[in-house]
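Reader: Before we turn to particular features, please show me how to read them in a careful order.

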Amino acid sequence: MIEIKNISAQETYAIRLEVLRKDIDLPYKFNGDLDKDTFHLGAFKEDKLIAVSSFMKVKNRNFKGLQYQLRGMATLTQYQGFGIGKQLIIKAEKILKPLNIDCLWCNARVIAVDFYKKQGFKTFGEVFDIPLIGGHYSMYKYLT
Ligand SMILES: CC(C)(COP(=O)(O)OP(=O)(O)OC[C@H]1O[C@@H](n2cnc3c(N)ncnc32)[C@H](O)[C@@H]1OP(=O)(O)O)[C@@H](O)C(=O)NCCC(=O)NCCS
């Protein structure tokens, strides 16, 4: 049984480090982590935190309306492919819709693009490089 709960920024750091920053010397703390509009979600299996994602009220000029950016999406390797990332996004959308947020967007690693497509996101524009990580696409999903 997987439970999705709000967690603190601090609680996301261990999984961000392990899954997103392994051998990558980039910050695992993000600007906006502690902003008042930011929220962080965690997936728990029997009280063990196994996946995290963060949602920040950041506008991207390529998209319309009120927006949130999805960041730091990561599921521990041994739990990937069991629908947990999907549950985090479903929960985030349930939180964002009553806030009248029009668009959820992210900068997706090329290897994760198909995961986001399955959650209804579309790519915007061309692939771009983030040094030390690699190719990314901006992706978006209108919620309204
Ligand atoms: C990308 C990631 C967050 C997905 O989380 P997850 O818990 O494994 O995803 P889910 O099991 O909920 O996957 C939902 C669907 O997407 C598919 N999927 C998951 N990751 C995928 C990927 N990298 N490529 C293609 N499809 C993928 C699953 O097979 C599943 O398909 P289904 O609905 O047809 O069964 C996770 O694999 C991860 O942490 N990857 C490493 C870090 C990373 O790349 N993060 C994203 C940075 S932008």
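Author: We begin with a definition: helices (H or I, at least four residues) and strands (E, at least two) are DSSP runs, numbered from the N terminus. This is a predicted model, in which local features need pLDDT of at least 70 and side-chain atom pairs count only at pLDDT 80 or more, while totals for chains, interfaces and linings use all residues. Residues are numbered from 1 along each chain as its sequence is written, and side-chain values use heavy atoms, with hydrogens and water left out.

Reader: Which element gives the largest share of the shell around the ligand?

Author: A residue is near a molecule if one of its heavy atoms lies within 4 Å of it. Here 22 residues surround the ligand, and the closest are G83, G85, K86, I111 and K118. The largest share of that shell, four residues, comes from α3.

Reader: Which polar backbone atoms lie 3.1 Å or 2.7 Å from an oxygen atom of the ligand?

Author: A polar contact is a pair of N or O atoms within 3.5 Å; within protein, one must be able to donate a hydrogen and the other to accept it, and residues adjacent in sequence count only if both atoms are side-chain atoms. In this model a polar backbone atom of F82 is 3.1 Å from a ligand oxygen, one of G83 is 2.7 Å from a ligand oxygen, and a backbone N or O atom of K86 lies 2.8 Å from an oxygen atom of the ligand.

Reader: How should I read burial, and is T12 buried or exposed?

Author: Buried means under 20% relative accessible area, exposed over 50%, and partly exposed in between (1.4 Å probe, protein chains only). T12 belongs to helix α1, residues 9-20, and counts as buried because its relative accessibility is 0%. The buried residues of α1 are A9, T12, Y13, I15, R16 and L20.

Reader: Against which strands do the buried residues of α1 pack?

Author: Contact means heavy atoms within 4.5 Å. The buried residues of α1 pack against β1 (2-7), β2 (39-45), β3 (48-56), β4 and β5. For T12, leaving aside neighbours within four places in sequence, the contacts are I7, H40, V52 and S54.

Reader: Where is D23, a residue with a positive phi?

Author: D23 is placed in the loop between α1 and β2, with phi near 60 degrees, a positive value in a residue other than glycine. D23 counts as exposed because its relative accessible area is 80%.
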